[in-house]
Amino acid sequence: MEHLEIERKFLVTSDAYRQEASSSVRIAQGFLSTDPQRTVRVRIMGSQGFLTVKGASNASGTSRFEWETEISTAEATNLIDLCKDVILEKVRYTVPLGNHVFEVDEFLGENKGLVVAEVELQHEDEFFERPSWLGEEVTGQKEYYNSQLSQTPFAQW
């Protein structure tokens, strides 16, 4: 089974997404490995735990291998205790628009002030409607990867 994630990432220019969101959830996540060839993430999203492995991004930064499985929140909590560097905390807003769904992450803690939106696509050059609050594209800019934010938080930029 193919596990290819294709997404584009953008900065967010206003908090208008909050009124357009269909839901929101609090997320805590850490990284067991931040090696760009094989990132291993542990996440607690609401009351669910997840373990995710991501491969290296392609040249444009839009696609990469991703495998994820659900684990218990107790397992996720134990694994987060083993994670490197900063544990990321954020609130994710789900914003449907046209045929796509934007996930807007409002970071907390050491990354407070950073708000990014991601949209998953079927192919790299797929058209999608752009909401008014969508700003500069940062797809492929490694400092915006969550794994990098765990090592060099936004507050240190």
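Biologist: Let's start with Y93: is it buried or exposed, and what is its relative accessible area?

Modeller: Y93 is buried, with a relative accessible area of 13% (buried is under 20%, exposed over 50%, partly exposed in between, with a 1.4 Å probe and protein chains only). Bear in mind that this is a predicted model, where local features need pLDDT of at least 70, side-chain atom pairs count only at pLDDT 80 or more, and totals for chains, interfaces and linings use all residues. Numbering runs from 1 along each chain as its sequence is written, and side-chain values use heavy atoms, without hydrogens or water.

Now the rings: there are 7 aromatic pairs in the structure (Phe, Tyr or Trp rings, the six-membered one for Trp, with centres within 6.5 Å; planes under 30 degrees apart are stacked, over 60 edge-to-face, the rest tilted). One of them joins Y93 to Y17, edge-to-face, at 5.3 Å centre to centre with 70° between the planes. Because Y17 belongs to helix α1 (residues 17-20) and Y93 to strand β6 (residues 84-97), the pair ties together parts 76 residues apart in sequence (DSSP runs: H or I of at least four residues for helices, E of at least two for strands, numbered from the N terminus). Y17 is buried too, with a relative accessible area of 2%.

F102 and W133 also pair edge-to-face, since their centres are 5.8 Å apart and their planes at 80°. That pair links distant parts of the chain, 31 residues apart: F102 sits in strand β7 (residues 100-107), W133 in the loop between β8 (115-120) and β9 (134-137). Both F102 and W133 are buried.

Put together, ring pairs link F10, Y17, Y93, F102, F128 and W133 into a cluster.
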